[in-house]
Amino acid sequence: MKLIWLSDLHFVADGIELGHDPRARLKAAIAFINQHHADSAYCVLSGDLVNRETVEDYSALAEHLGELRVPMLPMVGNHDDRQILRSVLPLPDGCMDEFIQYAVPTSEGLILCLDTHKIGTPAGELCAERLAWLEQQLNAAGAGPVYVFMHHPPMPLGLPMQDMDRLDDGEVFLDLAASHGNVKYLFIGHVHRPITGTAKGIPFATMRSVLYQAPAPVPAWDWDNFAPAEEAPNLGIITLSALGVNLEYIQFCPYAEGT
Ligand SMILES: [Fe+2]
């Protein structure tokens, strides 16, 4: 089964964000997907769908995403608004009432899209209610494979500026996931850089942003003169099978697209 993975769109209805045009970048991603991977089962959008949490931006985003020929799984990041997202984008049946957190059963295992949003801060959290839901899902999955998508990393990645804003209760999450033995992979947004590794024995990958890429972490960023890295965006092609997980990072447009 094939999935598309897009992260950190930071979409705005008009204007430029950090030197790039979010409409042009998203259009390029959608054109690439429709041309080469329209046979994918889902396109997961791992949070920070918009930059400013306005109805106008979400409406324009929904209009752009209407061109996508692959069913989407939208998620929240620290820049998102649950209520507005819910009002303009489709969500799977069984989504939690208060959170944009849901499970998608597939032929290759269970996909869990977590809501790590913590209102008022760029950092993330999984409160008791969301953790209890997760535990229930992991118990019900038994020995079947579980694939988790989440916006905030539950572990430090050696990126000082992003590590400050990771999942607050990451250790609790990792202990829960590792103790069940059925979580086969973590797909993580938020950091705008491609990093892979393992955490408590669970493999993970992060994804570049559709819009702008985070510069190298050292020296520490100067926020008054912040400039994104001059690197092209990527999307992910994920293949899930009985053998395991394959993730291909693909550049879908030149760096200059939308600049
Ligand atoms: Fe984020």
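Which protein donors hold the iron ion, and how far from it do they lie?

Author: The model is predicted, so local features are described at pLDDT of at least 70 and side-chain atom pairs at pLDDT 80 or more, while totals for chains, interfaces and linings use all residues. Residues are numbered from 1 along each chain as its sequence is written, and side-chain values use heavy atoms, with hydrogens and water left out.

The protein donors of the iron ion are Asp48 through OD, Asn78 through OD1, His151 through NE2 and His190 through ND1, lying 2.1 to 2.3 Å from the ion. Donors are N, O and S atoms within 2.8 Å of the metal (3.2 Å for Na, K and Ca); water is not among the atoms, so sites may look incomplete. The angles among the 4 donor atoms run from 84 to 172 degrees, and the site is irregular.

Along the chain, the donors follow the spacing D-x29-N-x72-H-x38-H. Helices (H or I, at least four residues) and strands (E, at least two) are DSSP runs, numbered from the N terminus. Both Asp48 and His190 are buried. Buried means under 20% relative accessible area, exposed over 50%, and partly exposed in between, with a 1.4 Å probe and protein chains only.

In helix 2, the residues Asp57, Tyr58, Ala60, Leu61, His64 and Leu65 are buried. They lie on the same side of helix 2, because they cover an arc of only 165 degrees around the axis. The arc is that of the directions from the helix axis to the C-beta atoms. Glu56 and Glu63 are exposed on the face turned away from the buried side of helix 2. The buried residues of helix 2 pack against helix 1, strand 2, strand 3 (72-74) and helix 3, where contact means heavy atoms within 4.5 Å.

Helix 1 (residues 22-36) is one of these partners. With 15 residues, helix 1 reaches 21 Å from its first C-alpha to its last, close to the 21 Å expected at 1.5 Å a residue; the expected span is 1.5 Å times one less than the number of residues. Helix 1 is mostly covered, with 11 of its 15 residues buried, including Arg23, Leu26, Ile30 and Phe32. These buried residues pack against strand 1 (2-6), strand 2, helix 2, strand 10 (234-241) and strand 11 (244-251). At the start of helix 1, a side-chain oxygen of Asp21 comes to within 2.8 Å of the backbone nitrogen of Arg23.

Helix 4 (residues 128-141) has 14 residues and spans 20 Å between its first and last C-alpha, close to the 20 Å expected. Its buried residues are Arg130, Leu131, Trp133, Leu134, Gln137 and Leu138. An arc of only 160 degrees around the axis puts them on the same side of helix 4. The opposite face, turned away from the buried side, carries the exposed residues Ala128, Gln136 and Ala140. Among the partners of the buried residues are strand 4 (102-106), strand 5 (109-113) and strand 6 (146-150). Gly142, which follows helix 4, has a positive phi, near 60 degrees.

Gln137 counts as buried because its relative accessibility is 19%. Leaving out residues up to four places away in sequence, Gln137 touches Ala103, Leu110 and Leu112. Trp133 is in turn one of the residues touched by Tyr102, together with Leu73, Pro74 and Ile111, among others. Tyr102 lies in strand 4 and is buried, with a relative accessible area of 0%. A polar atom of the Tyr102 side chain lies 2.7 Å from the backbone oxygen of Pro74. Ile111 belongs to strand 5, and its contacts include Met1, Leu3, Tyr147 and Phe149.

How values were computed
Tetrahedral: all angles 85-135°; square planar, octahedral: opposite > 155°, others 65-115°. Polar contact = N/O pair within 3.5 Å; in protein donor to acceptor, adjacent residues only side chain to side chain.
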